[in-house]
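Trainee: Could we go through this model together, starting with the contact between the chains and then the backbone?

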Amino acid sequence: MSLAAEAFVSQIAGKVPFIHVGNQVVSELGPIVQFTKAKGHSLSDGLDDVQRAEMKAYMELVNNMLLTAELYIQWCDDTTASEITRQRYSSPYSWPLNHILAYQKQWEVRRKMNAIGWAGKGLEQVYEDVSQCCQALSQRLGTQPFFFNKQPTELDALVFGHLFTILTTRLTTDELSERIKSCSNLLSFCRRIEQTYFEEDKDKGRL
Amino acid sequence: MAAPMQLYCWKGDYGLPSVDIDCLTVLAYAKFAGAPLKVHKLTNPWRSPTGILPTLQTRGEGSVSQPSKIIIHLRKQKYNADYDLSAKEGADTLAFVSLLEEKLLPALIYTLWIDSKNYVDVTRRWYAENVPFPLNFVLPNRMHAQRLGRLQLVREDPALEPGEQLEQELYQEALECMTLLSQRLGSQKFFFGDSPSALDAYVFGHLAPLLKIKLPNRKLQQYLSSLENLQLFCTNILALYFPSEIQAAPVHTAPTQADGGDMDHEPHKRWNQVMSVLFAMGAMLGYAILTGIITIKSAHPHLQESRHDDVDEEGEEED
């Protein structure tokens, strides 16, 4: 279980999580889950077919909505992009590389948004979509401790990762984190996981 | 009564009300919700108010384009197929639609537009035959380039090309997605009980083309045919809500039966061939008579021998 708990790390700010086991390095959530499964630790074994289908579907929802919204807010919203994202992204590099890389990444993200039809959405619409997604997750969670009752699954890890990042990252406005906080069960869900699994990180990034 | 809302979509074929995935989704939802729509089946996207298909022209609020926006608008007008769903089912709908878009749609686009054999033999052919001149030279290639570009962006690989490995990856994900849908559907008639909802419309829109359009490269279709409840689901919806399309479905000669196609035209071909030979012979004869190479029998008999010599000489010269 501890190996699976370690695999709960997920930072969505342009960085990819990876685990280092022996002489193997496995990166990104999908492969990490597969890896731990191969080692005999799987969180979704106790689910039946219908539940597994729902879990996969909700994971896609999170990827589709939350991840895209995060990218949008970071790169397509001019204020956030100029004040925060570009600075953070280009910090390891020296001039002029930092400018070039930052603008290149921004251009790339905007093209992607265009391709999937998000370019026409205004910031308000994106916040609305995030709210809708959170409400859906909130509905699914209900009053249970985890999404599939007593045991945490990959979905819990994914949702925690995204929500925690949104709640703890400082942006130009607090609109996004306010929207998440309005779903009280999601907020208590995040707090609970943070306290249960990340007790040693108490000093960092408190909610 | 105010004028009904008007929906512009791609024309139907192969027993489907429309060949386009998004149009099918919207048409199905409108039927489920009982929305009175005036449907315009088009083969030219420029004739729609926004230049894109499907488009809904509303009563006084302009035009709406994407399927999700159209469905939201219909709901606002009180045509809501999801009225009876619980909040949890509504959340499930969102989740499963995301699953469809992320896992199944790329494979569908690949099999219809990027796979070379399918694109050339079926998709491009259909659009080239159905879209009016001169747009039919331009539009299919543009749509192909658009879809390839989108796939490259989404998979973050600018050099993406159709190939075995990409096909394998996409189809694997699609198979997983379809299996999950099949498990969720089980033996129910629709995803949420006895009456259809938005999720049913989306699933129908994505699976029906796969079921009905006969493609040379059938891998993805074979996956679908192994999942009987999904097949039954689609045929059920077609029979219940689009019965006229099934009756009107023309028998399509698949590209491999090109010889069969020729057989139908053969009587005309033969007739044309015979007529053209007769015409050519008549023209040659006429020319020969006019220039005096051959004359008609009414000429003097004692001149016939010299005429014969002339004809022989002519014959040698021609050789």
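The questions below cover the interface, a surface patch and some backbone features of this predicted model.

Trainee: How much area do chain B and chain A bury between them?

Mentor: The size of an interface is often given as the accessible area lost when the parts come together. Here 21 residues of chain B and 20 residues of chain A take part in the contact. Carbon and sulfur atoms carry 65% of the buried area, and the total for chain B and chain A is about 1900 Å².

Trainee: Which residues of chain B lose the most area to chain A?

Mentor: Three residues lead on that side, and together they account for 26% of what chain B buries. They are B:Leu94, B:Leu153 and B:Gln183.

Trainee: How far apart are the closest N and O atoms of B:Lys103 and A:Glu60?

Mentor: The rule finds four salt bridges across the interface of chain B and chain A. A salt bridge needs a side-chain nitrogen of Lys or Arg within 4 Å of a carboxyl oxygen of Asp or Glu. B:Lys103 and A:Glu60 form a salt bridge, with their closest N and O atoms 3.7 Å apart.

Trainee: Which element gives the most residues to the side of chain B that touches chain A?

Mentor: Helix H3 (87–114), helix H5 (135–154) and helix H6 (164–185) of chain B each give two or more residues to that side. The one that gives the most, with twelve residues, is H3(B).

Trainee: Is B:Val274 buried, partly exposed or exposed?

Mentor: B:Val274 lies in helix H11 (residues 258–291) of chain B. With B:Trp271, B:Met275 and B:Leu278, B:Val274 makes a nonpolar surface patch of about 420 Å². Its relative accessible area is 42%, so B:Val274 counts as partly exposed.

Trainee: What is omega for the peptide bond from A:Trp95 to A:Pro96?

Mentor: A:Pro96 sits in the loop between helix H4 (78–90) and helix H5 (97–115) of chain A. The bond from A:Trp95 to A:Pro96 is cis, with omega near -5°.

Trainee: Where is B:Pro54?

Mentor: B:Leu53 and B:Pro54 are joined by a cis peptide bond, with omega about 0°. The place of B:Pro54 is the loop between strand E2 (37–42) and strand E3 (55–57) of chain B.

Trainee: Is B:Tyr14 buried or exposed?

Mentor: B:Tyr14 is not a glycine, yet its phi is positive, about 60°. B:Tyr14 is in the loop between strand E1 (5–10) and helix H1 (21–33) of chain B. Buried means under 20% relative accessible area. At 16%, B:Tyr14 is therefore buried.

Key: Residues numbered from 1 in each chain as written. Chains lettered and ligands numbered in written order. Predicted model: local features only at pLDDT ≥ 70, side-chain atom pairs only at ≥ 80, totals over all residues. Heavy atoms only, no water. Patch = residues over 30% accessible without salt bridge, like charges linked within 9 Å, V, L, I, M, F, W, Y side chains within 5 Å. Areas by Shrake-Rupley, 256 points an atom, 1.4 Å probe, with all protein chains shown as cover. Helix = DSSP H or I, 4+ residues; strand = E, 2+ residues; numbered from the N terminus. Buried < 20%, exposed > 50% of the residue type's maximum accessible area, 1.4 Å probe, protein only. Contact = heavy atoms within 4.5 Å. Buried area = accessible area lost by both parts, 1.4 Å probe.
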